[in-house]
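This report describes selected helices and aromatic ring pairs of the model shown below.

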Amino acid sequence: MAFNNLAENAERLSRRIQESFQERTRDFTKSGQGSYLDANDLDKTVNLSKLLDSTSEREKLDGLKRIIAMISKNRNVSAYFAQVIKNVASPNLEIRKLVYIFLLRYANVEPDLALLSINTFQKDLADSNPLIRAMALRVLSGIPVASIASIVAAAIRKCAADSSPYVRKTAALAIPKCYNLDTTHLPLLMQTLSTLLKDRSPLSIGSVVIAFNAICPDRLELLHPHYRRLCRMVADADEWGQVQLLELLTRYARKMLSRPPSLSAPEGSSEANEGQSSHENEEIDPDLELLLTSASPLLQSRNPAVVMSVSRTIYYVAPANERWKFVLPLLRLLHSSKEVERVALENLRVIAQASPEMLRPHISRLYIRSSDITQVKQVKLRILVALITSDNAQDLLREFKDYVVDTDDKLVSDAVWAIGQCALKAPDVSSSCLSALTMLIRSSNDVAVAAAVLALKSLHQRRSSLAGTVNVVASLASHFDNIGHPEARACILWMVGQYARASGQGTTPMPESLQAIEPWVPDILRKAAKSFKSDPSAVKLQALSLAAKAFVLASSHEQIRLLARYVFSLARYDLDYDVRDRARFLSSLLTGVNGGIFSGSGSDEQEADVQEGVILRAPQVIHVLFEGKEAPRDEERWRSGALDLGTASLITGMAMQDDYLRHLPDWPDEGTDSSLRDTQDETPAPFYSQPSLKLQGFGGDTIGNLSRPGSTLTTPVVLTPGDSSPSSSVPKPGLAKPHYMDLDKFFASDDEEESGEEEETDEELEAEAQPKPANVATTVAQHPATAAGGGPTAAEVHEVSQPSQETDEEYTDEESDEEDAFLRRG
């Protein structure tokens, strides 16, 4: 019988060894954990339920790894929720980690099933492993059930006082989740947040700031006692925590601190000199200087987001004469990835528009490269346009001419537009810009021709004093047939009509009825009427305007009248209602000009247009058609999007959800009291102080009585090598040097000290055996080194104060021994 049992046990042990060997061999055959990701989904799902229900921890772990791999590929594995969640209490740490990862993904899909393991989560909050405690809180706060909000709030409060900074970080990230579940727990969450704000761990402070911005972003007064400590923690926090912390501290500084001195007047002016003298006496707020000092070293960070956050802080908080610090680190980001380069350029665009003098010394680093993507090219061109001055206009004009021959049509259009902006911002090179734009009209590139026409129109519309306007319009009119871009054709028609009045510069003889207009106006009107049916609506509208302007200037000329009547007749029945409405408006406006457009036509159209009301005379109609129009502004082309540095709106071009957090308030008229930011942590630690046994001499100062109840501390004691005085580290004149100057004499003095201590100990034992009187004068043996170094004399040692009887009762023998030992160590 015993032999059979032994055989069964041996067989069972052999089977277990074989299974273990097979499992380990299978692990070795796999090429690491990546094999779960490389396998097909069909291979992963084979016997997956069997693996999860197995009693072997290794098989469970294998099944969970397969499930997590499928989750990483966005496969729906919620069908295994019940089988996974029953392993939440597994003693295996690896299995529990994978179960928690699964629950973080599918807790919102099956909240009811997730509630079944809520007791396990609460139990895991007291686990010895901080990773388990943190993951339990993450899963618990991730269950979207409002009924457990109170449990989540209590768990957060418990974890906020955890000894592990990782658990406290998780508690901070769980605060917004709990607040979203039930806003009635805000007072409790605020208390927890106040506790977390006192945390001194750099690991968790970034998450605390995220929680602060989520539940109370405007309660900046809560940061008063923590502001200086947070400034000092910026350099030690993790990189993404630094970003959040800098954003919060920047908002706090703009709302709570005094405005820094700025030098906004031009250099060399009397206002600048006066401002400089006044700011010399005006000092920057120490708390603001602390923020700038703590943030400036982070400009060398390897994380572009940190560099961007520090740049934003310096740009909006630092004095004007210190804002140049972040320019070079920000330009350094242009050599990073294309995505980082795009974001950095958008922020540089804001700086170029607001403070172009900061980037002008580095303008060569912003030139467009052929390898740049289209978006980067456009942003760089906007920055270059913002940096145009009379000094660099020639260089930038040559750059813009090179960009016109680029293969990117969008860059070509923007470069032509930039040439027009160069003419507006630098009048010294306006003639060169006009010549360049006029040459582009003859180009074979339709995009360049259309952009040149639009730029000339905007340029002459905004600068009516430019010379050669009529010649430019005549040149455009001569190329009207060769231009097919609808917007460019519309611009030419508008310019021909706007400058149709005769300037007297023409040399072609004209009939008396056409002397009021330029000679090329009738021909352009004829061409517009000929192609009216096939032109787009934008060209038709400008053709109507040209016909109305030509008719009011030369209403007596029969051909002009017939051409205008033909154009208006076609427009009356056009498919576009905008064209029809424009035709009715202009025909009614011209009713008082020589009988109107349709006078003498023999049709009822003129009578249909005549209405009761005020009829304008020809001079009034001319004023309506030619005068009183404001030139359009081009800022929208170059200033699209928000102008706040560091916002996502710069990239997307639309308002983002978190823009309100990055919007900085205006500086207050007067900052808050700095005493609000004073804390006990910032008070200097007290130095070691002597007991107050009053003895004259002994280092040249008075020593008070030993520390007893009710005694006070005296001045600090500073000990320095080579000085026998415990109260002063500076040798005083007139005192003799120690008699030992080498090690032999030093050890000899120690031997004498030890023998003296033994004699004093024998005397103390004899004295303790005798009864003590009520008031006894305490004597102190003179140390040899002290005597040699100018210590107290025998007469000074006997000058002691007589303590009161009340004090002597508390002055025990043990304290007397401590006093004597202290004096011997002196």
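The expected span of a helix is 1.5 Å times one less than its number of residues, where helices are DSSP runs (H or I, at least four residues) numbered from the N terminus. Helix 5 (residues 57–72) has 16 residues and should therefore span 22 Å, in agreement with the 22 Å between its end C-alpha atoms. The model is predicted: local features need pLDDT of at least 70 and side-chain atom pairs count only at pLDDT 80 or more, while totals for chains, interfaces and linings use all residues. Residues are numbered from 1 along each chain as its sequence is written, and side-chain values use heavy atoms, with hydrogens and water left out.

**Helix 5**

Buried residues (under 20% relative accessible area, with a 1.4 Å probe and protein chains only) in helix 5 include Lys60, Asp62 and Arg66, as well as Leu61, Leu64, Ile67 and Met70. Just after helix 5, Asn74 adopts a positive phi of about 60 degrees.

**Aromatic pairs**

Rings of Phe, Tyr and Trp (its six-membered ring) pair if their centres lie within 6.5 Å; planes under 30 degrees apart are stacked, those over 60 edge-to-face and the rest tilted. Seven aromatic pairs are counted by this rule.

Phe81 in helix 6 (residues 81–85) and Phe102 in helix 7 (residues 93–106) are 21 residues apart, and their pair links distant parts of the chain. Phe81 is buried at 1% relative accessibility, and Phe102 is buried at 0%. Ring pairs join Phe81, Phe102 and Tyr106 into a cluster.

The other pair in the table also links distant parts of the chain: Tyr315 lies in helix 19 (residues 304–317) and Phe326 in the loop between helix 19 and helix 20 (327–332), 11 residues apart. Tyr315 is buried with a relative accessible area of 8%, and Phe326 is buried at 0%.

**Helices 29 and 30**

Helix 29 (residues 521–530) packs against helix 30 (residues 537–553) at about 140 degrees, with axes 10 Å apart. These axes are lines fitted to C-alpha atoms over the stretch in contact, and angles run from 0 to 180 degrees between N-to-C directions. In contact (heavy atoms within 4.5 Å), Val521, Ile524, Leu525 and Ala528 of helix 29 meet Ala543, Leu546, Ala547 and Ala550 of helix 30. The residues of this contact comprise eight nonpolar, no polar and no charged.

Terms used: Helix = DSSP H or I, 4+ residues; strand = E, 2+ residues; numbered from the N terminus. Nonpolar A, V, L, I, M, F, W, Y, C, P; charged D, E, K, R; others polar. Buried < 20%, exposed > 50% of the residue type's maximum accessible area, 1.4 Å probe, protein only.
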